[in-house]
Structure formats: C-alpha cells, structure tokens
Amino acid sequence: MSSENGKRLLETDAGGLNFEATELTLGLPGEPRVTSDGGAKLGSKRGFSETVDLKLGDNNREVKLGHSLQEAAKSPVSKTQVVGWPPVRGFAKRGKKSCKYVKVAVDGAPYLRKVDLEIYNSYQQLLTSLEDMFSCFTIRNYLNEKKIDQVNGIEYMPTYEDKDGDWMLVGDVPWQMFVESCKRLRLMKSSEAVGLGLTTGPKYSSTN
Amino acid sequence: MNYFPDEVLEHVFDFITSHKDRNSVSLVCKSWYKIERYSRQRVFIGNCYSISPERLIARFPGLKSLTLKGKPHFADFNLVPHDWGGFVYPWIKALAKSRIGLEELRLKRMVVSDESLELLSKSFVNFKSLVLVSCEGFTTDGLAAIAANCRFLRELDLQENEVDDHRGHWLSCFPESCTSLISLNFACLRGEVNLGALERLVSRSPNLKSLRLNRAVPLDTLQKLLMRAPQLVDLGIGSYVHDPFSEVYNKLKIAIQRCKSIRSLSGFLEVAPHCMSAIYPICGNLTFLNLSYAPGLHGNKLMKLIQHCRKLQRLWILDCIGDKGLGVVALTCKELQELRVFPSDPFGAGNAAVTEEGLVLVSAGCPKLNSLLYFCQQMTNAALITVAKNCPNFIRFRLCILDPVKPDPVTNQPLDEGFGAIVQSCKGLKRLSLSGLLTDQVFLYIGMYAEQLEMLSIAFAADSDKGMLYVLNGCKKLRKLEIRDCPFGDAALLEDVGKYETMRSLWMSSCEVTLGGCKSVAEKMPSLNVEIIDECEQMEFNLDDKQKVDKMYLYRTLVGHRKDAPEYVSIL
C-alpha cells in the first residue's frame, strides 16, 4: 500500500488562482479529501478498494485474489477501480478503454519504471504515485513548492517528452492534453534545472 | 439409401428449422448433406472467425438469412480493445460479389462501418431485415444508406450500439414509396431525429408492429405516432416528461387507450414518474416490461405500475426497485419467466439495491421463473438453496454480487453450497454466471451436476487449477467458458486440450496461464486460434515463456489464423 506520510503541503495562491482544488495532499488512501468549503471530494469515483471487504486471512482461509484485485489493493492511487467490474454494459465506459504506459526515468536511479497514465485523473495523483514509486526521492510539485527530502536533500522537477520530442515541465497544459502528448517522463534533478530558468511554477492550475 | 426423391426430402427438411437440428441432418449421409445445404436459408455463425465468407457461400448457395457474432462476450465490459476485430465488411463484400440473395443480416458485437452498410444496402435487392446488437463503427450516414436504398426494408433494429450520431436526416431518407416497415428500433441513437419525417414514415407503414424511439422523441410526437399506429405490439418510449395537466397528456391518454395490442413496453429514457397512470390501461396486457433505463422510476410509483402488470412474463428493472418492490413483483406477476435486475449505481455504495431477500420472494411467488440476471449487494447460501428448491426450471442463472469476493454475510462462508444447490436442482441449466466468494468446491459441484451447461462465466473465484479441471472434465456440453481473475494456470489449461475443439471459445484474463502454456496449446491443436491480447505491450521486450499472459482468447476455427488482427494481438 502507498506510503503513510500524512504530509500536507502549504499552498500559495499565485495570481489569484484557486489552488485548493489541486492541492497535493499525501493523506492515507481512503481518507476523504474534502476541500475547505466542504465541497465534493475530488476524483471521487468510489474506489473499488472501498467497496471490497477483503477478508484476508479470515477463518484461516487464504483467499487467492485475482490479479486485478491485488493490483487494486496495492495501487498507490487511492481511488481505483477494477476494469470491467461489475459486468454491466453501457454505463458510461468506466473501464479503461486503452492504457498508456510511459517510461519514467529518475536522475540517479539505476533503472526505469513504467506508469499507466490512464489510471490517473490529475497531475496530483500522478505525482503522488511517482513519489511512492521512488520513495527515497522527493518530487518538486508543480506548484513550485520546495520540498526537501529529509534523507538526501535532493529535489526533482517532473518533466516529460512530448510528441514533438521536446522536454516540457509537467503541469502546464490540461491533464488530458498532457496524457495524450506525453511520451515519457523524467524526474530531473533540480540542480540541473536551474540553468533552464525554471524558477516559477507552471501556469495551468485548474483541475483535470 | 434414398427412398424418396430429393424434393420430398427437401420438403421434409423445411419443417426442421432449428440450427442444431439442421446441422445434425446434414451429417446423416452425403445425400442428405447435399439436399440440406441447397435448401438451407438461415445460417448462424457464433464466431465470425471460425469460418470464412467464401466457404459459407460455397456451401449454402440458397442463403437468405445470416447471423454473425464477433467479439467475445467480455468485450461488453471493456476487457477487449475496440479494434480487436470482428469486422463485417469482408463478409458483406464477399456476399455482394456472389449470387446470394441476402435478405436478413443479424450482427452481434461486430464492427460495422458506414461503407459496409452502404455496400449492403446496394447489393441485395430483396434485403429486408437488419438487426445490429452491441455493434459499433458506424454513423447515421450508414443508416441513411440503408433507409434510402433498401426498397423492401421490413426491419431496422438497433440494440445498444455505439453510433456516431451526425444528426443527419437519415429518417428522411426512407422514400415515400417505402411502406413495408414492420419493425423500427433506434432507441440507442443519441441525436435528434427529424420528427416530421418520423411521423410521416409511421403513417405510411400500416404493418408497423414494433417501434422503439430514442430520447430525442418528445411526448407530443409520441402521442401523434400512437394515434397513427394503434396496431403496435411493441413500444419503446423515448422521452416521457410532461406536465400531467397539459393538453398533450390528455391526448396521450386517449392515444394509449387505443393501443390494445401492445404487449411489450420499454424505453422511458427520460421519465417524469408522476405521469405513469396514463400507461395503466395497457399494463394488464403486457408480457414484457423493460424499465432498466429509467432510474427516475422507483418507490411507490414503480410499485403501483407493476401492480397493474399481471401478465408479465419478462421484467427488466433497476435495483432501485428494492427488495420490497420485488415482493410486489412476486405477488403480482405469477406468469413471470425472466427477471433481470440491473444495478442503478454500479460503482457506488449502493443504498438503493437488492439483496438475497428480493430474490427469495420472487422465487417463491413466481414458480415459472427460468431466466435470471441479478445484480445485488449480497447473497446467502440459505437464500440460494431456497431459490433452487422453489425454481428448479432455471435455464439461465446469472448472479452478480457487486463486491466480487463477498462471502455469505450471515455465515461468512463461501457461496459454494448455494450455487451447488442451484446446479443440482436445475437440471436444464444452460448458462451460469458466478460471483461472491467461491472456492474449488463450487466447481466440483458444477462438474458433477451441470450436465446441460453450455456457457459459464467465472470471476475472482477458486483456489487452484482443480476448479477449472472439474469444469472441463464434467461439463460435457460446455461451449463457452470465460474466466477472469482466477488462479488457473498452465496445468489446468493443458490437461485436455482436445476439449477446446468441442467448444466455441475459451477466454482467460488475469489468470496464471503463461505464454509457454498458451504456445503449447497452439502447438498441439492446429484447429484452434490461440490469441494473446497484449494492449500494454508488456510482452514487447519480454518473450519469456514463463511470463504470465494478461488476456488469452482461444477458439476453434476451420480457416486458420485471421489476417485482420491488430498489432497487439499475437496468434500463436
């Protein structure tokens, strides 16, 4: 299961834009995320993991879960759904129609990972997931907050290569547009990024 | 060994209409094979990749009606990529080139392009009937071609298709000379239709028996249509929203009362529940009622409606009917044979839902029940055992507990005993879908008792390969087996590969079968196509035989590997 560091980030309200909705919160999975006005939860598709009462180890019975349930149980995204369940036709295409796996490289890491962008609904979900995946590193979120990792004091800028082959800062364009154009991700050491003049956060900040 | 001239045999064969029987007849001897094939008019092909159009045409030159099915069933639940296959174009192209006088085409889960529809509409002078179920790939332009060119069209039936609606005037494309329509169903279209054209079309179709409208047809048009077609037997209402005190509503009441032949009612794609009383006059005659698209209809209004439907044989409803509502069904609908309860909120917590109680009530009150599709919050072994006792006539039993590994909430036990009771009691069971917490034991029961079982759907069940083996060894009549998320691996898959030749198809996804295992099946059985569907290209760089296969679909075929598979499908 994903990390249990209930860190909460401070928000800066740059340019009068509403950042609350995009606040990067690292609460425990399953914890409701309520905005300050008590409004609806974000990304509030009811997670499968909430409706499933996985009685593991009950009555000394070892329940062998199918892959999909195992994946749902350990996915870092707190709200996950199992594809194709319940077996009901035509309800607004909730299941994955396609999957978009992209490679994720982290400067200094000996191997790459792959993530499926289709399972996320927003930048913050993606970045949370990446943080879990590379838990020893700290990713500078696109709100331009400096988060210094306690262990090795390195921070990273999330960048991606788009369809044109250019390296872009994650967070500038609407989420769906990003999913469509992203070919691969690279978490670049901030120290390297200094020379690129990336000192201000990206412009795009509304949800999904 | 022919004591009769061919014509006599042919005449006798005319009385044999079921596909199974005609297939059996053709196997008796060469002479019967020949007579049968020349006289055969209707052919059913359950898997479009099991045979080629050319061979079909060669064998049955007198073909008039063709039914084709494409994608595997799990495609309905987004488990099969959209471009996997099932294209109808090659079939229409081949038929068009031949001298076949096609009159009827019925397709299910196939990809149908506008080009195909246009070619179809222009190639067969006597074309009469097009039925598309769960298909995709076409737009209303394709429908316009059908409307415009099929001069003797009797039936255009679109069920649950994904149609790109260009809001064109396809309905206006029916020429004035077209007066032959018997059945028109466009409920699945999302766009506007030319209401005037629709009214005129209905007016000039005296044989129209079945009319299912889409959401864009408002109430006042419905009223006009009913006035022009009081002979309707099957009605699908589009929009049913209006003010109960309006002129339109009064006119509607009068129009409905004239429709004394309506036996089947569906739609209500938009509904204002306080106006259901206008429907009451026809409820007493209904044999089929489908309210599964009307979440706005529940509670007392719904129950009152049901109480008028004493002759119902088939009921499709949403789970917001609740256990209490099902109690009303049990008291009222003594002729009920088929019940389908769909989830109104499949991904939600489901407060408005049904449980085992509702099912038990219906089983007690409706002894003729033989077909069930039931989405529920929970189920108990005790309930299933009771249902099995009350209704030994089930042909189809499909239970879907929304939480797929939920045990019996009362005893915390798996549901093995409950389903075991069902298969033991229902000796004629042909189709079964399981859910809930299930161990290998339930499969032991299925293998032992489900002698007539033809189709089995399994998800998140079993403990080991034994489960699958019990089924493969025991169910002699098994034709379709579809499995997802079960711990079945190569040992089960490879135990009896010859079995798969006796079946139409096997689907296994998120199980434990490996690439090596699948290759082994393919090697041993050249009469099977073994497809590996790998959308995420996880096998791109790793062709290790020990790699687990995400999705495997195998089926028997007479024509080898298909040539139209997309890149991510490997046929071993």
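Guide: Contact means heavy atoms within 4.5 Å. This is a predicted model in which local features need pLDDT of at least 70 and side-chain atom pairs count only at pLDDT 80 or more, while totals for chains, interfaces and linings use all residues; side-chain values use heavy atoms, with hydrogens and water left out. Residues are numbered from 1 along each chain as its sequence is written, and chains are lettered from A and ligands numbered from 1 in the order in which they are written.

Visitor: What do the buried residues of H20(B) pack against?

Guide: Helices (H or I, at least four residues) and strands (E, at least two) are DSSP runs, numbered from the N terminus; buried means under 20% relative accessible area, exposed over 50%, and partly exposed in between (1.4 Å probe, protein chains only). In helix H20 (residues 515-524) of chain B, the buried residues are B:Leu515, B:Gly517, B:Cys518, B:Ser520, B:Val521 and B:Ala522. The buried residues of H20(B) pack against helix H19 (490-494), strand E21 (528-533) and strand E22 (551-556) of chain B.

Visitor: What covers the buried residues of H14(B)?

Guide: Helix H14 (residues 356-365) of chain B buries B:Glu356, B:Gly358, B:Leu359, B:Val362, B:Ser363 and B:Gly365. The cover over these residues includes helix H13 (322-332), strand E14 (338-342), strand E15 (371-376) and helix H15 (381-390) of chain B.

Visitor: What is the mean pLDDT of chain B?

Guide: The model as a whole scores ipTM 0.82 and pTM 0.77. The pLDDT is the predictor's confidence in each residue, from 0 to 100. In chain B, 97% of the residues reach 70 or more, and the mean pLDDT is 93.

Visitor: What is the angle between the planes of A:Trp85 and B:Phe460?

Guide: The two rings form an edge-to-face pair, 5.4 Å centre to centre, with 90 degrees between the planes. The pair crosses between chains, from the loop between helix H2 (67-74) and strand E1 (101-106) of chain A, which holds A:Trp85, to the loop between strand E18 (455-459) and helix H18 (465-474) of chain B, which holds B:Phe460. A:Trp85 counts as buried at 6% relative accessibility, and B:Phe460 counts as buried at 3%. The angle asked for is 90 degrees.

Visitor: How many residues apart are A:Tyr123 and A:Phe178?

Guide: The ring centres of A:Tyr123 and A:Phe178 are 5.3 Å apart and their planes stand at 50 degrees, so this pair is tilted. The pair links distant parts of the chain, with A:Tyr123 in helix H3 (residues 123-133) and A:Phe178 in helix H4 (residues 175-181) of chain A. Both A:Tyr123 and A:Phe178 are buried.

Visitor: Which residue has its charged end over the ring of B:Trp84?

Guide: Ring pairs join B:Tyr49, B:Phe74, B:Phe77, B:Trp84, B:Trp507, B:Tyr553 and B:Tyr555 into a cluster. A charge sits over a ring if NZ of Lys or CZ of Arg is within 6 Å of the ring centre and within 35 degrees of the ring normal. One such residue lies over the face of B:Tyr49, at 4.5 Å from the ring centre; over B:Trp84, at 4.3 Å from the centre, sits the charged end of B:Arg562.

Visitor: Which residues of chain B does A:Arg89 touch?

Guide: A:Arg89 lies in the loop between H2 and E1 of chain A and counts as partly exposed at 24% relative accessibility. Leaving out residues up to four places away in sequence, A:Arg89 touches B:Asp76, B:Phe77, B:Ser134 and B:Glu160.

Technical notes. Phe/Tyr/Trp six-rings, centres within 6.5 Å; stacked < 30°, edge-to-face > 60°.
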